[in-house]
Amino acid sequence: MRQILTALYKLSGAVAALCILSIAAVVFAQVCLNLVDKLAKLTTGQAIGLTIPSYADFTGFLLAAATFLGLAYALRAGGHIRVTLVTGLLGPTPRRWVEALVLAVALGMAGYATVYMGLLVAESHEYGDMTSGMVALPLWLVQLPVAIGLGVLSIALLDDLIAVLRGAAPSYEGKGENLLSE
Amino acid sequence: MTVATLSIILFVLLFAFLGSGLWVALSLLGVGMAAMALFTDAPLGLVMATTIWGNGNSWALAALPLFVWMGEILFRSRLSEDMFTGLSPWMNRLPGRLLHVNIFGCGIFAAVSGSSAATAATIGKLSIPELSKRGYPEKMVIGTLAGSATLGLLIPPSIILIVYGVATEQSIARLFVAGIVPGILLVTLFVGYVAIWGMLNRDLLPDEGERFPLREKLRRARRLLPVMGLIAGVIGSIYAGIASPTDAAAVGVVLALVLSWASGSLNWQSFSEGLMGAMVTSCMIAFILAGASFLTVAMGFTGIPRLLAEWIGSLQLSTYTLLAALTVFFVIMGCFLDGISVVVLTTSVIMPMVQKVGIDPLWFGIFVVIVVEMSQITPPVGFNLFVLQSLTGRNILTVARAALPFFLLMLLALAIIVAVPQVVTFLPEAM
Amino acid sequence: ETWDMPTPYPDATFHTVNVHDFAKDVAEKTGGKLEIKVHSAGSLFKHPEISKAVRSGQVPAGEFFLSLLNNDNPAFGVDSLPFLATSYDDAAKLWAAQKPVIDALLDAQGMMALYAVPWPPQGLYTTKEIKTVDDLKGLKFRTYNSTLEQFAALAGAAPTQVEVPDIPQAFTTGQVEAMITSPSTGANSKAWDFLSHYTDIQAWLPKNIVVVNKRSFRRLDEATQAAVLEAAAAAETRGWEMSRAETAEKVAVLKENGITVVEPSAELMAGLKAIGAQMLDGWKAAAGAEGEALLNAYQQ
Ligand code: NA
Ligand code: NA
């Protein structure tokens, strides 16, 4: 089970990273086409009009996928920020209970968002909605990664909640970046 | 339920969520949920899903992960260290020394990035380790970054000026031009403050007292060339007409990869670590933006910001008192909402009263942007504070305290543009 | 009762002015029983989300650009076909033919049309004078949907995607050299800051539509329902008048600010209309029998 879950978070994070890589690739390819066009205009006086159709739409969809598929990975890497001023003052036992409570609340919210995002995807599918740009894609298809990402986040929160209730430290504890040299 | 009661409940709830250690994005989401549930009968879950989707797929926001990734690549190469080594001998005489790199770095980066969070994340990633390693005081490193990164909003291109321009039907081109001089004014104020602080606190700054002969200085300055080439390439791609400001971020990534490869620091490990790091940072920021956008929509449904603005309108204030009241209004709203949201939610109400007393809407756009810049560094909801917290692991109040002098400097800048409106208007009028 | 109503365009746009008038009218006619709270400029929902938000009852009513749904069904986009209906009279005829189809499509999604108002005829904005279709050849032409992409390609122009916020900068840096939009949008975005010529080609009159969620509407009592429909009918009449007035007014604004306003040459129009005819064939193929019927109704 542990291995499956770890693989799930990693896979989801890796796909998110691939989405960012794709954003860079698509946008840079369009810039190169613009450059070719510019050169054509300078030499022949006429632009060719090289475009990747709907590249701005694709970029937006990839960004949404990257953001939401990355949620669980970022959580476990200590990437999401929180205020620990108050809880830092508590002793170990009350702190554990507060941590469990916070995880439960977070799980509730993430689960709620997952369900409704899922319903939104289902609705887009039911009505056969298409994206409105040059290239028409089924809307549910580009919305789906957002629902999946929220779902994986919910699983990760449940995973950590169980860990904390069992008395273990949550996955994100002590992680996160510190670029200051102490 | 009255608006006052609801506001108090939401206020308490936000502090309870944040104080208990609930993640910032979810805290904002939770307050939005409470506002919707208590104050409207619109279907909460559906509105949430629609908002998350509608704001999550955004072309304008796509520059964020790319710029953050560019920062990660440079961070993992020798280039950022080179930059500071190259600059160091030149900044020795200037009181405040390398702290100014934060200000100028953000100022230059602001010319390609339209967002202040991307500016803070990218420049911070490069400068915090270098300055900290050299022994610069943490408070000044964080403060200069938090303050200067807000320039991303004022110096064109700027997402918020576009939002304002579209909502009020002002020329975006003119707004961009109008932002230039106030942007330089803010840079000057920041530099002046750091210089004065540097003179008063010589003992707190690291001794980089070695004096180099000019030839050695120039030799070291050669190490600046790659980074300067990168900056020139990114800005150049926009002005050559081959890239929109969002496109330019991809040019930045590719140039950073090329430089890092040329310097021998690019390998599979540094590449994948950089990409994953960028993914995590951009995910963190975009998730908070998603929470903030839902809270904004909830506020739209409850109508609280609009009612407050209408109340200010009902006071029939004269020009200067109106501006003072609006400043207070924006600062208070900006503590809890993302700055852009405040503009979106209230322009319908505020623009008519502003125009009634004869305030130039173009000038007012710059005024609004400076106030929104201030909101980026006021707790509990301030995006630059969040970014710096995530880069340094310091708590939000420590970061906010470090940023306070810069908040006050922006207030001073506001006073200057109110006293001398030409600072804003003379360039666009010359167009 | 209070209805939240999202609209995509800012307050000063005449469509939004009309929506505000409509809301006021409804409040008066119902004696304040139904208040419509207008959320302009996409401040509640972004433009692509508005129709979906009305459909699922997140808000009872909303306004959107009709041909935004063109990819869902070509009937939504017939008013954006170049040179099919180029005058207000033709646009009214087209709307009469299009309305039953739109009503059926909206009905299937639990929505009902209240009224639709056209934008002023679309003109050609360029950085140089355009005398014939040949002058468009190789010109970087802003496109934002498949119809325009096809139009640009048929005219021999170079289709270039530029998002709305990037338009001024794209013109300034030469990334784009031509676009088609209404005099309203040109004047409101202060096009004189970045381009020089406006050719009044009157290519098409796209519409904004105001829709209501059927369930929300049914929940109103009969008198209120009647009042809403009455106010909607008045808003449609008023909106078309506003649109006509807007055309002359905004072209004057363009002129005042130094844009060269050009009447198109017969040669240019002939060339453009030929392209329009070609595109209509393509549209017919996509829209099938239903589209054929719509066109027949229009051309009668
Ligand atoms: Na900027
Ligand atoms: Na703030």
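Buried means under 20% relative accessible area, exposed means over 50%, and partly exposed lies in between (1.4 Å probe, protein chains only). The model is predicted, so local features need pLDDT of at least 70 and side-chain atom pairs count only at pLDDT 80 or more, while totals for chains, interfaces and linings use all residues. Residues are numbered from 1 along each chain as its sequence is written, chains are lettered from A and ligands numbered from 1 in the order in which they are written, and side-chain values use heavy atoms, with hydrogens and water left out.

**View 1. The sodium ion (ligand 1) and its protein donors in chain B.** Donors are N, O and S atoms within 2.8 Å of the metal (3.2 Å for Na, K and Ca); water is not among the atoms, so sites may look incomplete. The O atoms of B:A110, B:S113, B:G152, B:I155 and B:P157 lie 2.2 to 2.5 Å from the ion. In sequence, the spacing of these donor residues is A-x2-S-x38-G-x2-I-x1-P. B:G152 and B:P157 are both buried.

**View 2. A salt bridge between B:K125 and B:E72.** A salt bridge is a side-chain nitrogen of Lys or Arg within 4 Å of a carboxyl oxygen of Asp or Glu. In this pair the closest N and O atoms are 3.0 Å apart. The pair links distant parts of the chain, 53 residues apart: B:K125 is in helix α7 (residues 116–133) of chain B and B:E72 in helix α4 (residues 63–76) of chain B. Helices (H or I, at least four residues) and strands (E, at least two) are DSSP runs, numbered from the N terminus. Both B:K125 and B:E72 are buried.

View 3. C:D25 has 14% relative accessibility, so it counts as buried, whereas C:K29, at 36%, counts as partly exposed.

**View 4. Strands β5 (residues 123–126) and β8 of chain C.** Two strands pair if DSSP finds at least two bridges between them. Four bridges join these strands, which run antiparallel. C:L124 has C:I180 as its bridge partner in β8(C). From β8 (residues 178–181), C:A178 and C:I180 point one way and C:M179 and C:T181 the other way; all are buried.
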